[in-house]
Amino acid sequence: MIKGIPVSEGYAIGSVYQWHETTLDTSKKKISNLKAEIDFLHETIEKTKAQLDVLMKKSKDIYGEETSKIFEAHLLIVQDPEMIKNIETKINEESCNMLYALKTVTDDYIHVFENLDDDYLKERALDIIDVRNRMIRNALNLSPDEMVLPKKEMILVAYELTPSQIASLDLNYVKGFITETGGKTSHSAIMSKLVGLPAIMGFDNAFKILKQNKEIIMDAFTGEIIIDYNSETYHTYLYKRDQYLSYKDSLKRLIKEPTRSQDGKTYILSGQIGSSKDVSQVIENGADGIGLFRTEFLFINRLTPPSEEDQFIEYKSILEMMKDKPVVIRTIDLGGDKQTPYLHIKSDLNPSLGIRAIRLSIYHQDVIYKQLRALIRASIYGNLSVMFPMVASLEDIMMVKQWITDIKVEFDALGIPYKNFPIGIMIEIPSAALMADEFAKHVDFFSIGTNDLIQYTFAADRTSEDLDYLYRPFSPAILRLIHMAVKAAKDNHIHISVCGEMASDQLALPLLLGMGVDELSMSPSQILKSKDFVLNHHHSVFEYAADYVMKLTTEKEILKFLKDNFQK
Ligand code: PEP
Ligand code: MG
């Protein structure tokens, strides 16, 4: 059985489309000014060399000699005199564009290497592909995220997909995707749930095993990928897929129902978004509001940051679309696994422990002030709350509140209208959970970010497929930290939500709601399923389960109890 990490549920049946970024437009064009094309080739080589040089030095500092050799080899490829000569000759002989010549000449090299017997040399073809793609992207002035796919139904197979690439996929054609990298709580995984696409990540050797055009079945509930199947297996999965889709469809009857338990307790189920484009999904899935708008998605995959005005328009339109329903907008959480080229985030040895989220805002106050100004201006258009990510100390809280006060003072002086709004923080660093009883006296709400809380408690990079086994939401350590935060919120009468992936885990639901969490914020695609679960249970049962579980000391016992009592 071949398996990866299931990150976004669903089934997909279809043929593999391997995406290597070679599908960029390199079609042949007739050119009259051949000298300009050759100059363009040399400019592209220089640009690529400069990038590789930086990468080589950086990787040597961070990872040591061995990895820097990869880029050293890439540098040799980009400067290979024979290859350059062959490209120039092709341009001259065929009066064609540089991109076409580059693509066809390198294709020949790749073909030769791929057909060698020696496995080591065969792998070198991948290096040429990598360098060639970097050159093409540079020549087209594209950011590394841009992708072009054929218009046909497919299961997309890629080495890696960034959140913005996933967001840009056309779901009429892409029925699911499989990547070699990534784990359950990587932002790419979150994005795949957000768009509702079956996804399996961390699948080693995807390109070797899943050949181009091969018919496969993806079970993104278990992470299984089925190749070479018979008619019986095919029909079993076709049936499972239909059942799943019709179950999802049947949930639509719950859209307008309040989320109330059998014994009359009402909870808030809210949706998460990455831009105003996702709001329709939130509304269509009957969410009670927006529990988390990850504004950093407005900042990635572009060459300059959005202006205050661009942001204001975006925030205003989301607030207006949601009418009077609550909208929690989180200030930028860049850094870690969400990088931008223009902020020049210093490359920390460990980006998740480095300049990320509000730490980045401290270093780039111009960026956070612009964002807060846009938010405060937008406050009059709806029911806004502003939340800060990765708060670690009371000093952090005082600082972010001061930022808001500064802007309000300025707006008062200038007569710019605004409305006061709740200010909240994420509890996603263990220090914040430990200090929650103090923090609760200074903010209006908490939202527990279990993705990071787990990553930082277990000291395990959330994007690492190798450390996926340390994503342990049901470990007593995590549950105790969550419990501390919930108790602090209750004691101080402030609102508390959970907005990590755990919030939509059906086994976690009884615990979180039983502990007293007011709101669960999740990908819109998960809301109706969670509502269905709540409607069929008693709050008193959740309370009993939470009390019981908090006395258990191993994850194994906790999971057994939850599965025995709450798994269908
Ligand atoms: C979290 O850490 O759980 C969270 C919701 O924030 P993000 O996933 O964006 O880091
Ligand atoms: Mg987080």
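**Metal site and cavities**

Author: Start with the magnesium ion (ligand 2): Glu 428 (OE) and Asp 452 (OD) coordinate it, at 2.0 to 2.1 Å. Keep in mind that this is a predicted model.

Reader: Where in the chain do Glu 428 and Asp 452 sit?

Author: They come from distant parts of the chain, 24 residues apart. Glu 428 is in the loop between β13 (423-427) and α15 (430-434). Asp 452 is in helix α17.

Reader: Is Glu 428 buried or exposed?

Author: Glu 428 has a relative accessible area of 2%, so it is buried. The cut-off for buried is under 20%.

Reader: And Asp 452, buried or exposed?

Author: Asp 452 is buried, because its relative accessible area is 2%.

Reader: Take the second largest cavity. Which residues lie nearest its centre?

Author: Arg 294, Arg 330, Glu 428, Asn 451 and Asp 452 lie nearest the centre, out of 14 lining residues. Two of those names, Glu 428 and Asp 452, also coordinate the magnesium ion.

Reader: Which elements give two or more residues to that lining?

Author: Those are β10 (290-294) and α17 (450-458).

Reader: What is the volume of the second largest cavity, and how does its lining divide by class?

Author: The volume is about 70 Å³. The lining has seven charged, four polar and three nonpolar residues.

Reader: Now the largest cavity. What volume does it have?

Author: About 100 Å³. Its lining has 14 residues. Thr 185, Asp 461, Arg 462, Leu 467 and Tyr 471 lie nearest the centre.

Reader: What classes are in the lining of the largest cavity?

Author: Five residues are nonpolar, five are polar and four are charged.

Reader: Where does the largest cavity lie relative to the domains?

Author: It lies between domain 1 (2-19 + 150-251) and domain 3 (264-566), because both give residues to its lining.

Reader: What about Cys 96, buried or exposed?

Author: Cys 96 has 0% relative accessibility, so it counts as buried.

Reader: And Cys 499, buried or exposed?

Author: Cys 499 counts as buried too, because its relative accessibility is 2%.

Terms used. Residues are numbered from 1 along each chain as its sequence is written. Chains are lettered from A and ligands numbered from 1 in the order in which they are written. This is a predicted model: local features need pLDDT of at least 70, side-chain atom pairs count only at pLDDT 80 or more; totals for chains, interfaces and linings use all residues. Side-chain values use heavy atoms; hydrogens and water are left out. Buried means under 20% relative accessible area, exposed over 50%, partly exposed in between (1.4 Å probe, protein chains only). On a 1 Å grid over the protein atoms alone, a cavity is a set of points where a 1.4 Å probe fits but cannot get out, and a pocket is an open set with protein on both sides within 12 Å along at least five of seven lines; lining residues have an atom within 4 Å of a point. Grid points are joined across faces, edges and corners, and a volume is the space filled by probe spheres set on the points. Ala, Val, Leu, Ile, Met, Phe, Trp, Tyr, Cys and Pro count as nonpolar, Asp, Glu, Lys and Arg as charged, and the others, Gly among them, as polar. Domain bounds come from an automatic or database domain assignment. Helices (H or I, at least four residues) and strands (E, at least two) are DSSP runs, numbered from the N terminus. Donors are N, O and S atoms within 2.8 Å of the metal (3.2 Å for Na, K and Ca); water is not among the atoms, so sites may look incomplete.
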